[in-house]
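Thanks, everyone. Please bring up the model.

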Amino acid sequence: MGDDRGVAADKRGNNTVRDLLLSLVVLGFVVGVIYLFIPHDSHADPVKGVAVSYSVELGQARRDAPYPVAGPEGLGADWRSTSVSYNGADRKNVTWHLGFVDPQSQYVAIEQSNGAADAFIASVTLNSHRDGTGTVAAGGQTWERWTGGRYTALVRKDPKVTTVVLGTAPDAQLKQLAAALRERGGQ
């Protein structure tokens, strides 16, 4: 009866290193194939071409919401809608959101709620406050200008709903979106 432990250990140790190197070669090949066949362009606009349709959600919100829901009409094709949501679960805090990327690739959105106005405005504007410059006229409506948080915003408080047009875009773009809003529906 001989002692085979040394032979088995040597053989096993060599196979482990060899297997490791083979695994690394196979993994490198797989990564190379993925890199070649998956499109990538670090200079491309990450939002370009990504547009969501919002007409179904807007129609649903207008049928269900307890207030007239704002949606844009007449914006150019260079305004790309990127996000839409409607939450009517809590009838005392129904929310509507519609986000866009404007022609200068800046974010602009419409936010509406029938909940507590001050808390809603602070939440969606990320803690902006009323600007001392007064009001802005857009679309036949008077809007308060808010600044200081992450977004600049135009705010309109009505008895049934608070409407906020906000974003990183310049004031002219916020005013353009606010002027394009048409409110319909509501129960």
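One definition before the pairings: two strands count as paired if DSSP finds at least two bridges between them. And keep in mind that this is a predicted model.

Start with strand E6, residues 141–147. On one side is strand E5, residues 129–138. E5 and E6 run antiparallel, joined by 6 bridges. The hairpin of E5 and E6 has 2 residues between the strands. Look at Gly139 there: its phi is positive, near 65°.

Now E7, residues 152–157. E6 pairs with E7 too, again in the antiparallel sense, over 3 bridges. Which residue in E7 is the bridge partner of Glu144? Val155. This hairpin has 4 residues between E6 and E7. In the turn, Gly148 has a positive phi of about 100°.

Next, a residue in strand E6: Arg145. Buried or exposed? The cut-off for buried is under 20% relative accessible area. Arg145 has 16%, so it is buried.

What does the side chain of Arg145 make polar contacts with? One is the side chain of Asp131, at 2.4 Å. Another is the side chain of Asp171, at 2.8 Å.

Move to strand E3, residues 95–101. How many of its 7 residues are buried? The count is 6, so E3 is largely enclosed by the rest of the structure.

Who are the partners of E3? Strand E2, residues 80–87, runs antiparallel to E3, with 7 bridges joining them. Within that pairing, Val84 has Leu98 in E3 as its bridge partner. Strand E4, residues 107–113, is also joined to E3 by 7 bridges, antiparallel. There, Phe100 has Val108 in E4 as its bridge partner.

The hairpin of E3 and E4 has 5 residues between the strands. Ser105 in that hairpin takes a positive phi, near 65°.

To recap. E6 pairs with E5 and with E7. Arg145 in E6 is buried, with polar contacts to Asp131 and Asp171. E3 is joined to E2 and to E4. Happy to take questions.

Definitions and conventions. Residues are numbered from 1 along each chain as its sequence is written. This is a predicted model: local features need pLDDT of at least 70, side-chain atom pairs count only at pLDDT 80 or more; totals for chains, interfaces and linings use all residues. Side-chain values use heavy atoms; hydrogens and water are left out. Buried means under 20% relative accessible area, exposed over 50%, partly exposed in between (1.4 Å probe, protein chains only). A polar contact is a pair of N or O atoms within 3.5 Å; within protein, one must be able to donate a hydrogen and the other to accept it, and residues adjacent in sequence count only if both atoms are side-chain atoms.
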